[in-house]
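Let's take a walk through this model together. Have the sequence and the 3D view at hand.

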Amino acid sequence: MANWLFKTEPDTFSIDTLKQQKVSCWEGVRNYQARNMMRDEIKVGDQVFIYHSSCKDVGVVGIATVVREAYPDHFQFDPEGPYYDPKSDPDNPRWVMVDIEYRRHLRLVSLKRMKANPLLAEMPLVKRGNRLSIMPVTDAQWQEILQMTGQF
DNA sequence: GCCAACGTTGGC
DNA sequence: GCCAACGTTGGC
């Protein structure tokens, strides 16, 4: 079983939204590296840290689990929507999404604290300029971040 | 296939 | 709102 971190802008979709919906698709990923991870590696039962970006309290805010593996992201075919990709072929969709289920909130683990923790130095998240919206998290990193919440 | 221009991401 | 860093695009 693997662990992941998914970034989201809470103004668009937050951990609270996910809690309300319980299960949600993770649409709108338009980056090949992130897509490949969804398509090839993310499995049902994998654990996911939800991370809030571009907001006041940037950091890890909760946990979800994967409940459905990669399937075509239909938002790529909606010309009215923000995730439209005119170059994607309906017979061979370019973009996929997975479904995740809300598990729990966590006490915020801020990006600032993660950057200051040597044990997390290898996370793509804390490396300068990294913009991956989906990234793998090692077991050690997962445990360390849980520890940093002070809840466990 | 190179690479400059451009658009986007995302922390601050 | 600024701007550095990155990915993508498109001319050649």
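The report below covers the annotated domain, the sheet with its helices, and the DNA surroundings.

## About the model

This is a predicted model, in which local features need pLDDT of at least 70, side-chain atom pairs count only at pLDDT 80 or more, and totals for chains, interfaces and linings use all residues. Residues are numbered from 1 along each chain as its sequence is written, while chains are lettered from A and ligands numbered from 1 in the order in which they are written.

## Annotated domain

An unreviewed UniProt entry carries the annotation "domain: EVE" for residues 3-148; such annotations may be inferred rather than shown by experiment. This span is 22% helix and 33% strand (DSSP runs, H or I of at least four residues for helices and E of at least two for strands).

## Sheet and helices

Six strands form an open sheet in the order 2-5-4-3-1-6, with mixed pairing (two strands pair if DSSP finds at least two bridges between them). Strand 2 (23-25) and strand 6 (134-137) are at the edges with a single partner strand each, so one side of each has no neighbour in the sheet.

Strand 3 (residues 47-52) and strand 4 (residues 59-72) run antiparallel, joined by 6 bridges. Valine 48 sits opposite alanine 64 in strand 4.

Helix 2 (residues 32-40) packs on the sheet and touches strand 4, strand 5 (96-110) and strand 6 (contact puts C-beta atoms, placed from the backbone, within 7 Å).

## DNA surroundings

Around DNA strand B are Lys7, Ser53, Ser54, Val58, Leu111, Lys112, Arg131 and Ser133 (C-beta atom, placed from the backbone, within 6 Å). DNA strand C is surrounded by Asn31, Tyr32, Arg128, Gly129 and Arg131.

Note on methods
Two residues are in contact if their C-beta atoms, placed from the backbone, lie within 7 Å. Axes are lines fitted to C-alpha atoms, for helices over the stretch in contact, and angles run from 0 to 180 degrees between N-to-C directions.
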